[in-house]
Amino acid sequence: MQLGFLQNGLESSPAKSVDGSFRKSSSVISASTVSGASGLAKFAPISRRVLKGLKDYGRKLVDLELFTQYLEEWISENLNGDSADGRQRFSSPFTTDELHKLDIALEGVPFQQLVRMPVFSDDCDDLLEDQYLAAEDFLHAVIIGLWRTFWHRSGPLPICVSCPSYVGSKFCSVEKAISRSRARELRGLALISKSENELKTKWDQVVEFALFKPETLLDNVFKVSAGTICEALLYGFHILVSRSLSKISSVNSDSVFLLILDSKCGAVMKFGGDLGKLDLLNSSNPYLSVGEWFKAHAEISLTRVEPIWNRLGNANWGDIGTLQVLLATFYSIAQWNGPPRKSVASLISDHSLRLQKRRAECCIVEAENALVPYQGGTEIVEYDPDELSFEKRAWRLKLKHNDILILDDPQQGQKSFQIHESLVGGNYYLYSAVCLDHPSQLLTLYVGSHPSRLEPSWEDMSLWYQVQRQTKVLNILRNQGILSKYLPEIIASGRILHSGPCTKESPGGRCDHPWCGAPILVTSPVGELLSSVIANEGSFSAEEAIRLCRDCLAALRSAAMANVQHGDICPENIIRVIERQGTRNQVMFIPVSWGRAVLEDRDSPAINLQFSSSHALQHGKLCPSSDAESIVYLLYFICGGTMQQQDSIESALQWRERSWEKRVIQQYLGEVSALLKAFADYVDSLCGTPYPVDYDIWLKRLNKAVEGSADKGKMIEEVAITLRLEDAAESSGASGS
């Protein structure tokens, strides 16, 4: 099974590596690379005889000179490229595409190395000590930056940095080695997985190893010597042997990432192999046996040497050399701690939002092929038409705190809203605001773009779905009397009023003003996105997961009364709302973003490789149980289940087929709650069929579990009040499906 956190193509597609060689993408991110607590790869069973032999080899293989004698010539042949084309045989473990994706995902992540790397000049112990302190701080910055970005924003770090003096030696911190005047004895730095049960650090806790040779790595030719590679491989071999003999390590992998660093540059090596194929009979000369094993069974890949620190001693965080270290450490952490809670793809998707914000800050207008900076207004979002030429002003609207926006609602007339703050909402503009007529209630305000100004891009279509089409869907629900506290309520919808004369020829038209006709949608309530809740607080408890399931099913049941299906259930489209009721807080989960809702057969739902139903992925349509199936995937995710970042519809369907067939999801949810497991079994029986979900019976069971008694377990109240309102969708700019 491929985790493929960064992969973009199919497993069989060729990918170009950093060194220019070609190989299959499936070798880039294999299950053995990033498995760990997720248990995606397993060691083959090892007999007691083999374990005893490995323990003996691990104890005997400590002489670097002997080890180098048996491997240096073979390493040199592969390193220098004695093949016909002269190409280096040790290809890079990473593709350029992987590094590029990680670079975009880490935009704005505050990696900070506090201890600068001094440049090596003379043989000085003080300088060497400073270099080790800088290398230690660099690796710590890598760990904390990656862990806080992808796994948990708070809490203790599960990994620390410690140093050995030789293969098999004890570990200590750099400061402790310096205090004992033993800095020159250090050979590198190891990323260590912390263990509550072990007071002393052992080699089977090594997550990643960095061979640090400040003065001799590059030989002034930006090239790793064969001797240096042999030394790194000796440490790598010892780490794999220690893992295989470990009684505490939960890592199930036969590979390890090794960093090779000096005071300026570095390279990354990935080393692995099946230790079960090691010839243990030749115990009289273990170096010969291990040398033959390396030549026949070891898998070694090596990046080019790239700069890491500049001349001031600062790490170049956006450069190739540092990205290689970051990517290797990312995979190493995932190998030990499981896949990240926040995927690389989700961070990459935020790139479009950052671009939009940048365009709003420095609007892109066409004025003699130049970028013209744009100075926005102050509090009131109005401008004097005599001061600026509207043809050369950007139409995208960026609102700030305390800005006042005037909305023309066809049903309610003019209404004024004051912006409270900008919210994280994907590739559209989303704000919290208050109506000046009722300033005590916080509302959600969506800002769209006029249909005639939409560009043929995904970002602009997202605006249309989130504003115009969501307005239509919410109006349909309201006009059919569907009101529920588990559904967003439409408060107002209409268009922005601008100052000065408006020369539009029809009510649905627009004049030359850049904001004329821009649609606005105001809804209630305001909440925190479920994706942010998970990123900040971690997995849900059984009680929280059951409540989320109950609330979402209540919303889907209400929408089903109007023959509406959501079509895009995912963590980014559910909010958590906390309301104060007396002395306690009332928590609710509400599905939002109904712009991709399916109203009739010709409507197509959104496609989400992680959370869409199998029927939606395969046919581009929803079946009656599609939203419920998405909720099952959502429950699996929020309870801590492993969700692979899929790279194609085909791989997403294969994951679903395997998961349902082997009952992976049901078994995992069963460890959380028997009720959630039963619900997953029920949905499994409906997947792809024309049979509807029996919301009533499941709401009764879930509500009983949430409230704690049958008396309180009454049905979710649905207030069916016939509202004699005209269809406001068309008049508010929400016409069209």
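Arg-557 is buried, with a relative accessible area of 18% (buried means under 20% relative accessible area, exposed over 50%, and partly exposed in between, with a 1.4 Å probe and protein chains only). The structure is a predicted model, in which local features need pLDDT of at least 70 and side-chain atom pairs count only at pLDDT 80 or more, while totals for chains, interfaces and linings use all residues. Residues are numbered from 1 along each chain as its sequence is written, and side-chain values use heavy atoms, with hydrogens and water left out.

The side chain of Arg-557 forms a salt bridge with that of Asp-696, at 2.5 Å from N to O (a salt bridge is a side-chain nitrogen of Lys or Arg within 4 Å of a carboxyl oxygen of Asp or Glu). This pair links distant parts of the chain, with Asp-696 in helix α19 (residues 695–707) and Arg-557 in helix α13 (residues 542–560). Helices (H or I, at least four residues) and strands (E, at least two) are DSSP runs, numbered from the N terminus. The C-alpha atoms of Asp-696 and Arg-557 are 8.0 Å apart in space, and the two residues are 139 residues apart in sequence. Asp-696 is partly exposed, at a relative accessible area of 36%.

By the same rule, the count comes to 12 salt bridges. One of them joins the side chains of Asp-603 and Arg-469, with an N to O distance of 3.1 Å. Asp-603 lies in the loop between β20 and α14 (614–619) and Arg-469 in helix α11 (residues 458–479), so this pair ties together parts that are 134 residues apart in sequence. Asp-603 counts as buried at 8% relative accessibility, and Arg-469 counts as buried at 3%.

The salt bridge between the side chains of Lys-101 and Asp-97 has an N to O distance of 3.4 Å. Lys-101 and Asp-97 are 4 residues apart in helix α4 (residues 96–105), so about one helical turn separates them. Lys-101 counts as buried, at 13% relative accessibility, whereas Asp-97 is partly exposed, with a relative accessible area of 33%. Salt bridges also link Glu-528, Glu-537 and Arg-576 in a network.

Strand β18 (residues 528–529) pairs with strand β19 (residues 574–581) in the antiparallel sense over 2 bridges; two strands pair if DSSP finds at least two bridges between them. The bridge partner of Leu-529 in β19 is Ile-575. Strand β19 also pairs with strand β20 (residues 584–591), in the antiparallel sense over 8 bridges. In β20, Val-587 is the bridge partner of Ile-578.

Two packed helices are described by the angle between their axes and the distance between the axes. The axes of helix α17 (residues 664–672) and helix α18 (residues 674–686) come within 6 Å and cross at roughly 155 degrees. Axes are lines fitted to C-alpha atoms, for helices over the stretch in contact, and angles run from 0 to 180 degrees between N-to-C directions. Helices α17 and α18 are therefore roughly antiparallel to each other (angles under 35 degrees count as roughly parallel, over 145 as roughly antiparallel, 65 to 115 as roughly perpendicular and the rest as oblique). In α17, Gln-666, Leu-669, Gly-670 and Val-672 meet Ala-674, Leu-676, Lys-677, Ala-680, Asp-681 and Asp-684 of α18, where contact means heavy atoms within 4.5 Å. The residues of this contact divide into 5 nonpolar, 2 polar and 3 charged (Ala, Val, Leu, Ile, Met, Phe, Trp, Tyr, Cys and Pro count as nonpolar, Asp, Glu, Lys and Arg as charged, and the others, Gly among them, as polar).
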